[in-house]
Amino acid sequence: MKRLAALLFVVSMVFLLSACSDDQSAKDGLDQFVDNWNAQDFDKMYDQLTDESKENISKEDFVKRYTDIYEQTGVSDLKVTAGDVSEEDEKSDAETQQLPVSVSMQTVAGKVDFDKDAELIKVDGEDGTAWKVNWDPSYIFSQLNDKESVRITSIEPERGRILDTNGEELAFNATVPSVGIVPGQLEDRDKTLDQVAELLDMDREEIDSALDQSWVTDEVDVPIKTLRPDQRDLAEKADELPGVQFSDTTSRFYPHGEATAHLTGYVKKVDAEFLEKDDNASKYDANSDVGSTGLESVYEDQLRGTMGWRIYTVSETSDEQEVIAETEMKNGEDVETTIDIDTQEKIYDQLKDDSGASVALDPKTGATLALVSAPSYDPNNFIFGWDDEEYEKLSNDENSPFSAKFNKAYAPGSTIKPITAAIGLENGVITPDEKKHIEGLKWNNDGAFGNYSVTRVSDSLSDVDLRDALITSDNIYFAMTAVDTGAENFEKGLKSFGFEEELDYAFPTTASSISNEGLDNETLLADSGYGQGQVLMSPLHLAASYTPFVNDGNLIKPTLLKSEAEKATVWHEGVLPKEGADAITEGLRGVVEDERGSAHNPVVEGQTLAGKTGTAELKQSQDDKNGTENGWFVAYDYDKQDMLISMMVEGVQDKGGSHYTVEKVKNVFE
């Protein structure tokens, strides 16, 4: 019996100790609540509320309300910390305790932090003592109470302009007419809506869909279409119809349309997927525009500015508002480019009926005067709406009018020959006056190429110096120069001209490449020397690669921002000797001025051009009779030294080859 009594005593003590261990301190209860709060687990937070708190709001409403508030205000980096409790409070037998809490978070309107005393109530239950939180909405934001809700408003910044070098607007925010319909003022609804559809070139279904929206009432003005600045007369005609009116609004506009489309790009409305990425939700709202392509995209942060946000409380019984957080709106900044719109439009006028690209630089400073791609499109159509047939036609065009070409890489053809010459001069394997003895039309390096031979256009010269080689575009001379330079030094020379190097340029540009397999194959090395290997260059890089010829052998980095073009930035110094650069310019003058030169015709009196043509043959094999040709011409004014143009036209095989491109470039200089 004594053993049994002792055993019962031990069991009783274990039970009592176990029961005591289930008792929770107020600090323990608050810590648990804070953990759930930091996890934004409002479901578990509700379970820790007092019965009195639960009487005021259901679990479903609690979870929804506070989840929505945090989501709508963009709460992130939430840090709730339970403060220290004094030893006296820790030992207190009070049924209620006030414990300190610190709350900190980031919102779309900036940082919010506040301190608060949390009220906890002791609750005895079957499992021991627990502490429940006496809920108050001010736990979420200190300014919030039961009778208030949280509102958030955004203030859209004004987008900066894109300007040319003289301050001419390439993209700006224009005042444009917006046509709307007040349904209750329509006299003959069907007749009027048909007239509006015809006048504004819209589908009747599109208008009906706008008027059928759930929020539309007879008295409200329903926007139907935003028109271009030059379509104000249409808005005024529409305004004469009963129930139709127009008002002014602001819209992005591209005054030079197709001529600058690939340069400026365009803006588009943000979508839900975009808003969900990173911290976009704090920078944009559902009505915001974002740069989609071109400079609008490249300089989005600068052009965009900073959205203004205001989080505040509102009450049904009072107009008074208490601000929770607020950030000021900052308008976007203008982007000042080096583009000269006159040059841009003149080049586009030459290219608009073809497929190709052109770049114009100031060869002394590297300032980009023009970036042109054709065929093109009107970027305003992405703002004001497309004609369905036109959009489908452009989308299916094999010449890709929506894609820029001036930053893509192509085979440069014979336009690489001055670069080969520069590498040969720098390595001492040729001199300007040294003559190479070349017999016949073909050369296979004493059989080193097997059955393959390099072919030149004419065998009228058997002793060829650098000037004659450039004028007659002698393939064999430049193939020999590449082979004599050697694969290692030739690759090194190309890299000194920026090959296989990411160009530090505002507009993303494909890096120019040398080959897929290296130049250890001597046949490929020879072909690369005159432009029929695997070498690929962008029109932008090709233009830049001719700058050493007017800068004493220094390669100048191209720039697009006016602030960066005040003085030249040397990309690679001394890629060839000054006397070598002068000799190449002399040869390139001959290409234009000597009647043997491939760019001699058409003759334009008074022009002082030096340049090089190139025809890149796009064939499956040497025997391919159905291949196409890209015609190149790179030229600069050797006297004024104020403009250098590279131009490439695709599909010139039936248009006179590179001569077709020569005439276009000369027209621009003229």
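**Backbone notes**

I began with Asn445, which sits in the loop between strand 18 (442-443) and strand 19 (454-455). The model is a predicted one, so I treat each entry as a reading of that model.

I looked up the backbone angle of Asn445 and found a positive phi of about 55°, although the residue is not a glycine. Is Asn445 buried or exposed? Asn445 is buried, because its relative accessible area of 17% falls under the 20% cut-off.

Next I went to Gln40. This residue is not a glycine, and yet its phi is positive, at about 55°. I placed Gln40 in the loop that runs between helix 2 (26-38) and helix 3 (42-47). Gln40 has a relative accessibility of 32% and therefore counts as partly exposed; the class in question lies between the 20% and 50% limits.

Then I turned to peptide bonds. Pro375 belongs to the loop between strand 16 (368-374) and helix 16 (381-384).

The peptide bond from Asn601 to Pro602 is cis, with omega near -5°. Where is Pro602? I located Pro602 in the loop that lies between helix 24 (578-593) and strand 23 (609-618).

Terms used
Residues numbered from 1 in each chain as written. Predicted model: local features only at pLDDT ≥ 70, side-chain atom pairs only at ≥ 80, totals over all residues. Heavy atoms only, no water. Helix = DSSP H or I, 4+ residues; strand = E, 2+ residues; numbered from the N terminus. Buried < 20%, exposed > 50% of the residue type's maximum accessible area, 1.4 Å probe, protein only.
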